[in-house]
Every structure is written in C-alpha cells, then in structure tokens.
Amino acid sequence: MNAPQGFAPPAIETKLPKVGTTIFTVMSTLATESNAVNLGQGFPDFDCDPRLVDAVATAMRSGLNQYPPMAGVPALRQAVADKIATAYQARYDWNTEITITAGATQAIFTAILAIVRPGDEVIVIEPVYDSYVPNIELAGGKAVTVAMTAEFRIPWPAVREAVTARTRAIMVNSPHNPSGTILRDADLRELESIVVEHGLFVISDEVYEHMVYDGEPHQSVSRYPLLASRAFVVSSFGKTFHVTGWKVGYCAAPAPLTAEFRKVHQFNVFTVNTPVQHGMAAYMADPAPWRQLPAFYQRKRDLFRAGLSKTRFRLLPAEGTYFQLVDYEAISDLSEFEFAKWLTAEIGVAAIPLSAFYETPVENRIVRFCFAKTDETLNLALERLARL
Ligand SMILES: Cc1ncc(COP(=O)(O)O)c(C=O)c1O
C-alpha cells in the first residue's frame with residue numbers, strides 16, 4: 001500500500017540491520033521447489049500422541065477457553081515442577097518459580113529482556129541458535145561470541161577470558177543445536193565457577209533435554225544448586241511432545257528471578273493459550289512419553305547413522321538433539337551454503353549449512369540433517385544419499 005503523495009511515513013532505522021530471511025526459509029522453499037526430502041527443518045514430520053490431542057480437545061469442549069492465570073495454569077506448573085524434581089532432583093516452587101511461555105523462544109527473549117541492560121554484554125557460544133543474538137541486541141546489549149572447539153566442546157578458558165566488567169550473563173544450550181553435543185558434569189562445574197566468581201546470570205536453553213542418548217544423563221543446570229540459584233532454565237513442550245507448532249514452553253527460575261521475568265512476560269504475551277495448557281497438564285500425569293523419548297529418538301539416530309555410514313560423509317558424534325552433523329569434505333569443495341543448495345536440488349535431500357549458526361562467517365564443510373522424521377522419510381533420504 002502506498003502512502004498518499006507527500007504523506008510518507010517516517011523512515012525506519014532498523015534495530016536489526018543484520019537480520020534477513022533465515023536460511024531455514026530459504027532451504028525449505030528450495031526443498032519444496034525441488035521436491036526434496038526435507039531434513040533441513042528442525043521438527044517432526046509425524047504427528048503427536050492422539051491422547052494429547054484428545055486431552056486438549058476435552059479442555060476446549062469443557063469450556064476452558066478464557067484467559068488463564070498470567071504465569072500459567074496451576075496444574076501445568078505443578079506438572080512441570082514435578083517433572084523437574086523427578087528428572088533432576090531439583091525442587092522448584094510451582095507457584096513462584098515456574099512460568100508457562102509461548103515456546104522456548106519467548107522464554108529466552110523474556111529472560112534476556114528481564115536482565116540485560118543497555119550496554120551489557122552477554123556471552124554466547126558459537127555455533128549459536130539464531131534468536132539469541134537479535135534478542136540481546138533488542139535489549140540494548142552486546143553479544144560476545146566464543147567459538148566452540150573443532151570437536152564442538154565449549155573452551156572454558158576462552159569463556160573465562162571473554163568475561164569483562166560489563167558481562168551480565170552467559171547463555172548455554174545443551175543438548176546443543178546444531179552440533180548434537182551435550183554438556184557434562186565437568187562443563188557445568190566450569191560454568192559454575194565462572195558465573196559465581198563474576199556474579200553473572202545464566203540462561204540455559206534445554207529444549208532438547210529429553211533427547212540425550214547412549215545412557216548419558218542430561219546435566220540440567222537445575223541439578224547444580226549454585227548455578228540454579230542464578231539461572232533461567234528454559235524448555236519446550238513442542239520438542240518433547242512432538243508439537244512444535246503449539247509453541248508452549250516454560251521457564252524455571254528462583255523466585256526473585258521469576259518475579260522480574262513475569263514483569264516482562266505479563267506485558268509481552270501476558271499468558272499462553274488455555275486449553276493447550278490444561279491438555280498438557282492432563283497428559284503429563286503419565287511420565288512415560290518424556291521418559292521414553294531418548295529410546296525413541298536413539299533408534300532413529302541409529303537407523304540414520306547406519307545408512308549414512310555407507311556414504312562418503314564423515315559422521316560427527318550425535319550425543320543429543322535430533323540433529324546429525326556430517327562433514328562432506330570427501331564429496332565436494334563447495335561452500336556449505338552452495339553444497340546444501342546442490343544437495344537439495346541435485347540429490348533431493350535438504351540440509352542446513354552449519355555456517356548459518358555463526359555471526360562471523362566460517363566454513364567447516366559441515367551440514368546439519370534433522371532425523372525427527374518417519375522411518376519412511378529417513379529411508380527415502382538415505383536411498384538418495386546413497387549416491388554419495
Ligand atoms: C536450541 C533451541 N532453542 C529454542 C528453540 C525454540 O523452541 P520453541 O519452538 O519452543 O520456541 C529451538 C527450536 O528449534 C531450538 O533449537
């Protein structure tokens with residue numbers, strides 16, 4: 001729509017000059033155009049448990065369709081507090097320490113807005129999930145990136161060196177998207193020693209908490225009392241229950257942190273849709289769905305890795321998440337973006353270039369596949385990739 005002559009609106013000075021169309025949109029469009037199997041998108045191509053849909057439908061039919069309490073439906077907050085206690089032996093008060101959010105995305109942004117002041121620095125680890133840096137910048141802060149090692153581990157001495165008088169928080173993500181690595185006890189102890197020494201907050205993105213394989217425990221920040229006392233721990237029902245489109249998640253944080261978090265939350269989304277919260281609460285009475293998740297995805301990971309091991313891709317370890325990184329150095333010397341486009345258009349399988357997760361462009365000859373797909377989808381992709 002054009003403004004009438006002489007009445008143009010003021011020019012917008014963008015707050016996010018570096019942000020454009022995401023690689024996920026670009027690759028998904030190309031995948032559709034090329035009729036490719038889309039292993040780029042980070043979400044399941046199968047449906048959730050019908051019992052969950054029934055529970056939400058029952059809530060809607062029972063008239064649970066008006067605003068819930070600002071912090072979330074009590075039954076769901078209780079279910080979350082109980083799940084955290086069972087899984088990590090950490091007791092959060094459901095009433096004052098758990099907030100239901102519009103996905104992990106809103107929880108992360110809200111935590112950042114609650115603590116980051118203009119000029120503050122926040123340490124993020126590269127490769128980094130795409131929302132963190134724009135979120136920090138919108139809060140007036142500055143993201144300070146520390147690159148993971150070649151094995152996708154966090155170099156703690158480098159993190160320590162990156163701390164300045166302006167540092168406000170460190171953001172961690174385990175299991176890690178896109179690398180599929182996990183933080184272990186020694187990592188959490190390093191993190192603890194840095195944040196306690198320098199008086200920092202922690203934002204811990206644990207959306208893949210129930211996708212950790214080979215019998216390893218998920219080292220949630222909530223297990224470590226010193227860390228937990230200064231941390232916003234964020235998770236996503238979308239990932240855990242195969243309903244990414246519902247956009248419901250939560251933030252667990254000590255009461256004083258939660259109080260600030262909710263000040264932002266109430267004037268941002270205010271609250272999250274009612275019937276989904278009631279449905280989730282009823283569904284979570286049975287812990288089996290989240291308890292069985294590691295075995296469910298480990299089988300898919302193993303199927304996918306077994307097929308890929310017959311190609312010239314070099315497989316990187318996949319300790320958690322539903323992502324598999326592969327090194328294509330033996331196949332092509334194209335850049336990651338060009339290779340991902342070629343793979344989509346010519347081989348018929350879409351992937352995401354690892355370089356998309358860096359602020360500073362780097363090339364590792366690595367792309368990311370998502371294995372949260374039906375066996376049929378995975379087998380079709382493997383058939384096509386077998387040509388490599
Ligand atoms: C590391 C990470 N954090 C946060 C999110 C966002 O989760 P949600 O869909 O619950 O907002 C994702 C989704 O892909 C993710 O991979």
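Predicted model: local features only at pLDDT ≥ 70, side-chain atom pairs only at ≥ 80, totals over all residues.
**Stop 1: the ligand.** Start by selecting the ligand, then show the residues around it: G103, A104, T105, Y129, N173, N177, D205, V207, Y208, S236, K239 and K247. By type, this shell splits into 4 nonpolar, 5 polar and 3 charged residues. Which helix gives the largest share of the shell? That's α5 (residues 103-115), with 3 residues.

Now zoom in on the side chains. D205 has an N or O atom 2.6 Å from a nitrogen atom of the ligand. On K239, look for a side-chain N or O atom 2.6 Å from a ligand oxygen, and on K247 for one that is also 2.6 Å from an oxygen atom of the ligand. Taken alone, the ligand would expose 390 Å², and the protein buries 92% of that.

**Stop 2: T240.** Next, select T240 in helix α10 (residues 237-240). Is T240 buried or exposed? It's buried, with a relative accessible area of 5%. Leaving out residues up to four places away in sequence, T240 touches V207, H210, W290 and L293; V207 is also one of the residues around the ligand. A polar atom of the T240 side chain sits 3.3 Å from the backbone oxygen of S236, another residue of the ligand's shell.

**Stop 3: helix α16.** Finally, select residues 375-385, where T377, L378, A381, L382 and L385 are buried. They lie on the same side of α16, because they cover an arc of only 130° around the axis. Show β1 (37-38), α14 (293-308), α15 (336-347), β11 (349-350) and β13 (366-370) to see some of what covers them.

How values were computed. Residues numbered from 1 in each chain as written. Heavy atoms only, no water. Buried < 20%, exposed > 50% of the residue type's maximum accessible area, 1.4 Å probe, protein only. Helix = DSSP H or I, 4+ residues; strand = E, 2+ residues; numbered from the N terminus. Arc of directions from axis to C-beta. Contact = heavy atoms within 4.5 Å. Polar contact = N/O pair within 3.5 Å; in protein donor to acceptor, adjacent residues only side chain to side chain. Near = heavy atom within 4 Å. Areas by Shrake-Rupley, 256 points an atom, 1.4 Å probe, with all protein chains shown as cover. Nonpolar A, V, L, I, M, F, W, Y, C, P; charged D, E, K, R; others polar.
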